[in-house]
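Let's take a walk through this model, starting with the overall layout and then zooming in on a few helices and residues. Keep the viewer open as you read.

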Amino acid sequence: MEEEKKTKLRLAGVNLDSGVKRFLNNEALYEEFLLKFPSDVNMQILRQAFEAEEKTTAFHAAHTLLGVAANLSMEQLYAALRPATEALRGGNINLAKSYMPSVEKAYLTILEALK
Amino acid sequence: MATQEKRALLVVDDVELNRVIVREVFRDEYTILEAKNGKEALEAIEAYGENLAAVLLDVIMPVMDGFEVLEILNEQNFMEKVPVFLITAECTEESTLRGYELGVMDVIERPIIPHIVKKRIESVIELCTMRNHLNDQVAWQEVKLDEKTKEIQGLNNAMIGVLATAIEFRDCESGEHVKRIHDLTLFFLNKTAFGKGLKAQEIENIATAAIMHDVGKIAIPDYILNKPGRLTAEEFEIMKTHTVRGCELLDQIDAIHHNSVYRYAYDICRHHHERWDGRGYPDGLKGDEIAPWSHIVALADVYDALTSDRVYKKAYSHEKTMEMIINGECGTFNPLLIQEFLRFSEEIKGLMQIRQSGCRDGRRKKNQA
C-alpha cells in the first residue's frame, strides 16, 4: 500500500500499527481486508433500518460493524459507533440516530481514504 | 500436544474478517474449522464432538445466534468436555453474565489482541484437556475397582461356600444342601412380602449368610452328628448348642465383623431353630421377635431336611413335606410364611428338584451300620 494512502487512513482514524499486529504482522492480509471494507453491507443495512425504524436489524448491523471496525483498528469509527450500538441495544432508536452524523463522518472519511 | 496430530478449533462468526483473524492466530497449532452461524456450528459440533479443542463463538449472527447455540450445548452438557468462548464486539455486564451462566469459559471482547487471546484460550484448553484426562482416569479406575470388588466378593462367597460345605459333609449332607438353603432364602426374599424394604444387595447378603446357618456344627462331636438313631436327651442338648457355637465362631474372626454379611449370619446361626410359638432354642424367641431372615432359613432348613435323605430317614416327597409342615409336625411357623410357602409351592418344587441330590450311598451305608 502506498504511503499516501496510509497517511490518509491514519488521518481517518485507522491505527495501522495495531491493525497489522492483529493480523500477526501479515501486512498483505490486513490490506486485503481494509480494501474489502467498502463492500461491507452493514453500513447500508444500518441506514435502511433507521429509515424503516427496525430496531433489531439496526442493532445487529451496528454491532457487526462495530466488531469489524474494532478488528480493523478503525478507532474513530469504533468510537463513534459504540454509543450508537449501546443505544440500539437498549432499543432507543432516537438516541442512536443522534450519534449517526459522527458515525457517517468517520465512515465516509475511511471510504475516501481507501479510494 | 505438539507431537500429536493438530486438534480442531471451531470458529463461529458470520463476518469473514473475524474468522480470518482467529484463523491467523491459531493456524499453526490447530486445524481451523469455520461456521457462519449457529446452525452450522451445531452441525460441526455434532460431527467433531469432543475432538474439538475449543469453540470460539460470536454472539450476534443470522439464522441462529450465539446464545441459542449455548442453550443447546448447555442442555447436552457439551461444555463440560469442550471449552467454549464468546467473542463479542461489546461485553455488557448482562451478556457476559448470561454467557457464564450458560457455561462458557471466558468472554472475549473485540478488537482482539492476538497474543493475549492466544494465551488466554490456550491456557483454558490445556486446563480442560487435563481435566478430561483426569476424569477419564478416574472413570477407568472406578471400573477397575468395581472389577476387583466383584472378584473379592466372588472369592468371599466361594470361601463361605467351601466352609459351609465342609461342615455339611461331616453330617453326611452334600454341598447341595447349603446351595438349596441359599436358593430358597433368595426365592422367599425376592418373591414374597418378607423381603419388602430390603435392597437387592442386602437380599444377596442374607442368602450368603444363610449358607453359614449350621457353621456351629463343627463343634459337635461326630458320634452325635452322625448318629443314625434317636439322640438321647443329653446328646440333643449338645446338638442344640450348634446355634450359639456358630455365633462364637463368627465372633472370633474379627476381620468379618465389618462385613455386612456378618450381622445376618450371626442372627441366622443363632435363631434358625427358634419357633413361632416360642418353644424353639436357644433363646425361645416368639413370633415377630424372630427376624424374618432367620425364620425363613428355619423353614427352608426344615423343608430341605424333610425332602432329603438323612442317616436316620429317607427323603419325603415335596407333597408329603408340605403336608407335614402345614400340620405343624416339624415346628411352628408364621402363618403368613406358610401361606406364602403354599402359594409358591409348585415353583419351590421345581426350584429344588434342580438341586436335589441326597447323601452319597457309601457314606449312608457306613453310617447306618
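Chain B has 16 helices and five strands, where helices (H or I, at least four residues) and strands (E, at least two) are DSSP runs numbered from the N terminus. Before going further, note that this is a predicted model, in which local features need pLDDT of at least 70 and side-chain atom pairs count only at pLDDT 80 or more, while totals for chains, interfaces and linings use all residues. Residues are numbered from 1 along each chain as its sequence is written, with chains lettered from A and ligands numbered from 1 in the order in which they are written.

Of the 369 residues in chain B, 34% are buried. Here a residue is buried if 20 or more other C-beta atoms lie within 10 Å of its own, exposed if 12 or fewer, and partly exposed in between, with C-beta atoms placed from the backbone. Contacts use those backbone-placed C-beta atoms too: two residues are in contact if these lie within 7 Å. Take the contacts in chain B between residues at least 6 apart in sequence, and 63% of them join residues at least 24 apart.

Where do the chains meet? On one side, 14 residues of chain B are in contact with 17 residues of chain A. Helix 1 of chain B gives the most to chain B's side, with six residues. That side divides into ten nonpolar, one polar and three charged residues; Ala, Val, Leu, Ile, Met, Phe, Trp, Tyr, Cys and Pro count as nonpolar, Asp, Glu, Lys and Arg as charged, and the others, Gly among them, as polar.

Axes are lines fitted to C-alpha atoms, for helices over the stretch in contact, and angles run from 0 to 180 degrees between N-to-C directions; under 35 degrees counts as roughly parallel, over 145 as roughly antiparallel, 65 to 115 as roughly perpendicular and the rest as oblique. Helix 6 of chain B contributes V178(B), I181(B), H182(B), T185(B), L186(B), L189(B) and N190(B) to the contact, and helix 7 of chain B contributes I203(B), I206(B), A207(B), A210(B) and I211(B). By class, these are nine nonpolar, three polar and no charged residues.

For another pair, look at helix 3 (residues 66–75) and helix 4 (residues 93–102) of chain B, which pack at about 20 degrees with their axes 9 Å apart. They are therefore roughly parallel to each other. Here F67(B), L70(B), E71(B) and N74(B) of helix 3 meet R98(B), G99(B) and L102(B) of helix 4, a set of three nonpolar, two polar and two charged residues.

Next, a couple of single residues. D58(B) is in strand 3 of chain B and is buried, with 29 other C-beta atoms within 10 Å. Leaving aside neighbours within four places in sequence, D58(B) is in contact with V12(B), D13(B), D14(B), N18(B), G66(B), I87(B) and T88(B).

P282(B) sits in the loop between helix 11 (260–271) and helix 12 (292–307) of chain B. Is P282(B) buried or partly exposed? It is partly exposed, with 16 other C-beta atoms within 10 Å. P282(B) touches K240(B), T243(B), V244(B) and R270(B), not counting residues up to four places away in sequence. As for helix 12 of chain B, 14 of its 16 residues are buried.
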